[in-house]
Amino acid sequence: MSFPLSVLLLSLANPLPGGLAGPASLGAPLPVDGAGAWLAQKPAGALAPSLQGRPVVVDIYASWCPACRTIAPTLRSLAKSQAGKATFVTFDVSDAATLKASRERARSLGLGAFLEANRSQTSLVAVIDPRSGTSVQTFRASTDAGAYVAAIGKAQSMIRR
């Protein structure tokens with residue numbers, strides 16, 4: 001069976017949870033439970049001591065990614081409004097040099113496995129519980145500030161338990 005090259009490229013560029021190829025829903029939260037969950041949601045262990053006590057919002061960014069540029073103003077605004085309530089971390093995967101620097105930073109923060117699992121998922125933003133390294137909620141190309149704030153609040157309540 002053969003497929004047009006454009007179909008194959010689109011299916012590879014937009015993987016679904018569980019490794020199935022298909023279109024991703026832009027702007028919507030990704031599933032966090034069940035057998036089809038993305039690797040990003042699997043527990044990775046406690047993050048670095050410097051990240052403890054507040055939810056960690058991790059952004060996979062690339063300068064060539066249109067969706068990344070679209071969500072950047074929302075994330076900048078959230079970083080200001082949620083200052084002291086959450087820690088914001090951006091991993092730039094634009095090219096080999098920025099990816100190398102991001103890998104080093106990710107390893108030092110306890111997010112090395114997360115970055116390796118998601119480095120090709122530009123515009124992915126995850127709200128992570130720093131105690132366990134587990135994603136509370138993951139978004140793709142979302143500009144919905146309210147959804148991010150709700151996920152940060154959910155993570156804060158989990159941390160206080």
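Modeller: I start with Ile60. Apart from neighbours within four places in sequence, Ile60 is in contact with Cys68, Phe91, Val93, Phe114, Leu115, Asn118, Arg119, Gln121, Thr122, Ser123 and Leu124. Contact means heavy atoms within 4.5 Å. Some ground rules come next. This is a predicted model, where local features need pLDDT of at least 70, side-chain atom pairs count only at pLDDT 80 or more, and totals for chains, interfaces and linings use all residues. Numbering runs from 1 along each chain as its sequence is written, and side-chain values use heavy atoms, with hydrogens and water left out.

Now the surroundings of Ile60. The largest nonpolar core has 21 residues. Such a core is a set of buried Ala, Val, Leu, Ile, Met, Phe, Trp, Tyr and Cys residues joined through side-chain atoms within 4.5 Å. Buried means under 20% relative accessible area, exposed over 50%, and partly exposed in between, with a 1.4 Å probe and protein chains only. Val56, Val58, Ile60, Phe91, Leu111, Phe114 and Ile128 have the most contacts inside this core. Two or more residues each come from β2 (56–61), β3 (87–92), α3 (96–109), α4 (112–118) and β4 (124–129). These elements are DSSP runs numbered from the N terminus: helices are H or I with at least four residues, strands are E with at least two. A second, separate core of 14 residues includes Leu78, Ala86, Ala147 and Ala155. In soluble globular proteins, nonpolar side chains tend to be buried together.

Next, Val56. This residue is found in strand β2. Val56 counts as buried because its relative accessibility is 0%. Beyond four places in sequence, its contacts are Leu47, Leu51, Thr87, Val89, Ala126, Val127, Ile128 and Pro130. Take Ile128: Val56 and Ile128 are 72 residues apart in sequence, yet 5.0 Å apart in space, C-alpha to C-alpha.

Strands pair if DSSP finds at least two bridges between them. β2 and β4 pair in the antiparallel sense over 4 bridges, and Val58 has Ala126 as its bridge partner in β4. β4 is mostly covered, with 6 of its 6 residues buried. Leu124, Ala126 and Ile128 point one way from β4, while Val125, Val127 and Asp129 point the other way.

β4 also joins β5 (residues 134–140) through 6 bridges, and these strands run antiparallel. Asp129 stands opposite Thr134 in β5. The hairpin of β4 and β5 has 4 residues between the strands, and Gly133 takes a positive phi near 80° there.

Two further details concern side chains. The structure holds 1 aromatic pair. Phe139 and Tyr148 have ring centres 4.4 Å apart and planes at 50°, so the pair is tilted. Rings of Phe, Tyr and Trp (its six-membered ring) pair if their centres lie within 6.5 Å; planes under 30 degrees apart are stacked, over 60 edge-to-face, the rest tilted. Phe139 and Tyr148 are both buried. Then the cysteines. Cys68, in the contact list of Ile60, counts as buried because its relative accessibility is 2%. Cys65 counts as buried because its value is 5%. A disulfide is a pair of cysteine sulfur atoms within 2.5 Å, and the count comes to 0.

Last, the whole chain. The protein has 5 helices and 5 strands, in the order α-β-β-α-β-α-α-β-β-α. Buried residues make up 42% of its 161 residues.
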